[in-house]
Amino acid sequence: MRGFDFLSPKSLIAALRAIDGKAPTCKLLAGGTNVIPTLRDGTLKPRFVVDLGGIKALNYIREKQGWIQIGALTTIRDLLNSPLIKKKGSLLWEATHIFAGPLVRNRATVGGNLADASPAADTAVPLLALGARVKLRSLKGQRTVPLNRFFAGYQRTVIKPGEIVTEVTFPVPARGRKQSYYKLGRRNAMAISVVSVAVLLQMKGKICTDTAIALGAVAPTPLRVEKAEGILRGKKVDLELVKHCAQAAAKSVKPIDDIRASADYRRTLCEVLVHRMICQSLGLEDAD
Amino acid sequence: MKTLSVQFKVNGEEVQAEMPTHITLLQALRELGYTEVKNGCEKGDCGSCTVLLDGLPVNSCLVLAVQATGREVTTVRGIGSLDNLHPLQKNFIEHGAIQCGFCTPGMLLSAKALLDENPSPTRKEIREQISGNLCRCTGYVKIVDAIMETTSEGSKAGKRRPRARKC
């Protein structure tokens, strides 16, 4: 690890000023659980490291006008311990349970997890299904990006030089939404996802009025499978339709072979898990 | 090499040193003589470098030393000593929860943090809590037994003969 200047601004505005003009040589540190190993192994050689951990104002979880707002520096532990997230963002809450292990959850932040843009980012999958948006601030102003347009490629995002992720926000799911989340890993703790699935369905009787299906670790970025979602929308949901939807989901992913699983296995598991999650959320008999 | 003056407390003692910005809290602690903090994987997978940072267990290899400024670090030496063992340490010995001992400092600190928050956790909660601390010797059963014994429920039950349970 080459030496770097270490800056620890105590406010957002101080942080924005600190990174102004330094973009290519500057690395932001939130919880540090992903960044510090890459600093150590030399993958990253920044000249400046800006630690955002001191910006207490970016650590909050609140409900405002039908939206849940989460400060970017909120730790995974804070989400796990939040009655509000448990009640109104339970898809996200479930994902915090299987996020790495307790030691990492005490440091890792939701903003860091998203900005890191791993295809297997554990908070990204439920947040995509919840229709989350990411707030970005720079010295010039603020903009909001829907999470499904936030990831630009493998470990890449639309964050511009000089911008900092300040908040992630999602609408409180309507009452009676059906939802299910599952992360398949090689083991329970400290696992990087092999496939993860979040499903959110709005039903009117047996008719599905709205769908969100998000998948992780099966493409260069976590993603929504819109074609598959469209198959359920506006239809009476039965096992046949669920099967079509799951097949469409598996067709729209681009998994890779890696040390955790093969691409074929991942694609098959997409179909199986999307099928299972929809059935589970609706209480349908899963024939498989 | 870029350096910064860093000041924090370790087990109640003030530490002040000029440190390179890029070294981790783990490296700093070991260089300062706190070698009870073990260096395992250095990427947050194994938990052997666990310390309490303001009471919360963290991987000290995932914290830069400069980030500890103004904060309180507790290593296993801060929770008990040879002549005054912490109840967790006593029970680890009694239950044979230590074999090679490399994971033990981290294991004890993760367990202590859990009991500080929740004095009567279930076996499942204990297993979840220590899921970031790898042990390659014991198979965890005896570790969970020892922590169980230290819970308010376990101490109420008094001295029981340690017996293997399904973990």
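In the predicted model, helix 2 of chain B and helix 5 (residues 141–150) of chain B cross at roughly 135 degrees, and their axes come within 8 Å. Angles over 145 degrees would count as roughly antiparallel and those from 65 to 115 as roughly perpendicular; helix 2 of chain B and helix 5 of chain B are therefore oblique to each other. Their crossing is right-handed. On the side of helix 2 of chain B, the contact is made by B:P87, B:L88, B:N91 and B:F92, and helix 5 of chain B contributes B:A146, B:I147, B:E149 and B:T150. Sorted by class, five residues of this contact are nonpolar, two are polar and one is charged.

Helix 2 (residues 87–94) of chain B also packs with helix 3 (residues 104–117) of chain B, at an angle of about 125 degrees and with the axes 10 Å apart. That angle makes helix 2 of chain B oblique to helix 3 of chain B. The crossing of helix 2 of chain B with helix 3 of chain B is right-handed. Here B:L88, B:Q89 and B:F92 of helix 2 of chain B meet B:T104, B:L108, B:A111 and B:K112 of helix 3 of chain B. The residues of this contact comprise four nonpolar, two polar and one charged.

At the level of domains, chain B is divided into domain 1, covering 3–78, and domain 2, covering 87–156. The C-alpha centres of domain 1 of chain B and domain 2 of chain B are 22 Å apart. In the contact of the two domains, 14 residues come from domain 1 of chain B and 12 residues from domain 2 of chain B. On the side of domain 1 of chain B that touches domain 2 of chain B, strand 3 (50–53) and strand 4 (56–59) of chain B are the elements that give two or more residues. Strand 3 of chain B gives the most to that side, with three residues. By class, this side of domain 1 of chain B has eight nonpolar, four polar and two charged residues.

Between the chains, the contact takes 22 residues from chain A and 25 residues from chain B. Strand 4 of chain B gives the most to the side of chain B that touches chain A, with four residues. The side of chain B that touches chain A is made up of 10 nonpolar, 11 polar and four charged residues.

In chain A, five strands form an open sheet in the order 4-5-10-6-7, with antiparallel pairing. Strand 4 (61–64) and strand 7 (142–146) of chain A are the edge strands, each pairing on one side only. Direction ignored, neighbouring strands of this sheet are turned by 25 degrees against each other on average. Strand 6 (residues 133–137) of chain A pairs with strand 7 of chain A in the antiparallel sense over five bridges. A:K135 stands opposite A:T144 of strand 7 of chain A. Helix 1 (residues 12–19) of chain A packs on the sheet and touches strand 6 and strand 10 (164–171) of chain A. The direction of helix 1 of chain A makes about 130 degrees with that of strand 10 of chain A.

Definitions and conventions:
Residues numbered from 1 in each chain as written. Chains lettered and ligands numbered in written order. Predicted model: local features only at pLDDT ≥ 70, side-chain atom pairs only at ≥ 80, totals over all residues. Axes fitted to C-alpha atoms, helices over the stretch in contact; angles between N-to-C directions. Parallel < 35°, antiparallel > 145°, perpendicular 65-115°, else oblique. Left-handed = near helix turned anticlockwise from the far one by under 90°. Contact = placed C-beta atoms within 7 Å. Nonpolar A, V, L, I, M, F, W, Y, C, P; charged D, E, K, R; others polar. Domains from an automatic or database assignment. Pairing = 2+ DSSP bridges.
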